[in-house]
Amino acid sequence: MLLGLLVTVALPAAAAERDVEVAPGVHAAWLVPDAHWDGRTVLMLHGMADDRDGPADITKHLAQALAARGIASLRVNFRGEGDRRRTQIESTFPMRLADTAACHAFVVKQPGVRAARLGVYGISLGASTAIETAAREPQWFRSMALWSSPGGDQFALWKDDAVAQQALRDGIATEDIPGWKQLTTRREFYESFRGVDLDRSLALYPGAFLSVRGSEDYLPQHEAEFLRIAKGRPAEALLIGGADHIFKAFEPGAPLARRAITATVDWFARTL
């Protein structure tokens, strides 16, 4: 599970952003570079029970770093989920996919956007959302970058999760996550992942592919399998030594998070 705290990591701002409603109830942050924008744009998808800014604002800082390199971005808050203070999770995986589709529809209508040069970024469950979206709409994205992505059968991820199993059995489950918040999830959330196989889906995506992971991620390393499956080129992976699922974004100076940001910005600058 992707964890987050109300702490920020200071990075220089690159451009002003504005809040937009891309569809009824679907809110996002639209950030366009102040100058030297050639239409390249990245959709940014957050992890489970987090929001568009990410833990320690890591996703917001990534968007600012992209803007500094002339790349626009749209960071979505998924319905039923996209608020780091929210304790009741009311989303499902199909809702995430629908919200991502709404973001794509919004972006391609914006003046200056070049639809042929769109990228997608996702962290944790946002990475799952990115893969599945790209499988269903393989021409939408020229390049993809994932942080801490699950792999394989998504429903199987929950088999050893006591909270997930309680929700599947009883319909609802609540857990207290130390240092973060109390989180309540429902059967519908977990059931919505039945039949989702990210390895099978990734094979349908033809674009450039990057997977970034920390060596201390609680999710198993899946990069060798991802690179074997990925059809597009380039296809690359980066393992950051000592980093956890969120790249230790709350450490002073956040050096591991900064490394992930730098690598991802360089990736999109090279492949979009």
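Axes here are lines fitted to C-alpha atoms, for helices over the stretch in contact, and angles run from 0 to 180 degrees between N-to-C directions. Helices (H or I, at least four residues) and strands (E, at least two) are DSSP runs, numbered from the N terminus. By these terms, the axes of α1 and α8 come within 10 Å and cross at roughly 40 degrees.

This is a predicted model, in which local features need pLDDT of at least 70 and side-chain atom pairs count only at pLDDT 80 or more, while totals for chains, interfaces and linings use all residues. Residues are numbered from 1 along each chain as its sequence is written, and side-chain values use heavy atoms, with hydrogens and water left out.

**Helices α1 and α8**

- α1 passes α8 in a right-handed crossing; a crossing is right-handed if the near helix is turned clockwise from the far one by less than a right angle, and left-handed if anticlockwise.
- On the α1 side the contact (heavy atoms within 4.5 Å) is made by I58, H61, L62, A65 and L66, and on the α8 side by A257, I261, T264, V265 and F268.
- These residues divide into eight nonpolar, two polar and no charged, where Ala, Val, Leu, Ile, Met, Phe, Trp, Tyr, Cys and Pro count as nonpolar, Asp, Glu, Lys and Arg as charged, and the others, Gly among them, as polar.

**Salt bridges**

- The model has 17 salt bridges, each a side-chain nitrogen of Lys or Arg within 4 Å of a carboxyl oxygen of Asp or Glu.
- One of them pairs R69 with D266, with the closest N and O atoms 2.9 Å apart.
- This pair links distant parts of the chain, 197 residues apart: R69 is in the loop between α1 (58-68) and β4, and D266 is in α8 (residues 255-271).

**The sheet**

- Strands of a sheet pair through backbone hydrogen bonds, either parallel or antiparallel.
- Eight strands form an open sheet with mixed pairing, in the order β1-β2-β4-β3-β5-β6-β9-β10; two strands pair if DSSP finds at least two bridges between them.
- β1 (17-23) and β10 (235-240) stand at the edges with a single partner strand each, so one side of each has no neighbour in the sheet.
- Direction ignored, neighbouring strands of this sheet are turned by 20 degrees against each other on average.
- β1 and β2 (residues 26-31) run antiparallel and are joined by six bridges, with E17 opposite L31 in β2.
- α2 packs on the sheet, touching β1, β2, β3 (41-45), β4 (72-77) and β5 (118-123), and its direction makes about 160 degrees with that of β3.
- α3 also packs on the sheet, touching β3, β5 and β6 (143-147), and its direction makes about 155 degrees with that of β6.

**Helices α2 and α3**

- The axes of α2 (residues 93-108) and α3 (residues 125-136) come within 10 Å and cross at roughly 65 degrees, and the two helices are therefore roughly perpendicular to each other.
- α2 passes α3 in a right-handed crossing.
- F93, R96, L97 and T100 of α2 meet L125, G126, S128, T129, E132, T133 and R136 of α3.
- The residues of this contact divide into three nonpolar, five polar and three charged.

**Backbone details**

- Most residues other than glycine have a negative phi, and most peptide bonds are trans.
- R233 and P234 are joined by a cis peptide bond, with omega about 0 degrees; P234 lies in the loop between α7 (223-229) and β10.
- K248, which is not a glycine, has a positive phi of about 45 degrees and is placed in the loop between β10 and α8.

Definitions and conventions:
Angles under 35 degrees count as roughly parallel, over 145 as roughly antiparallel, 65 to 115 as roughly perpendicular and the rest as oblique.
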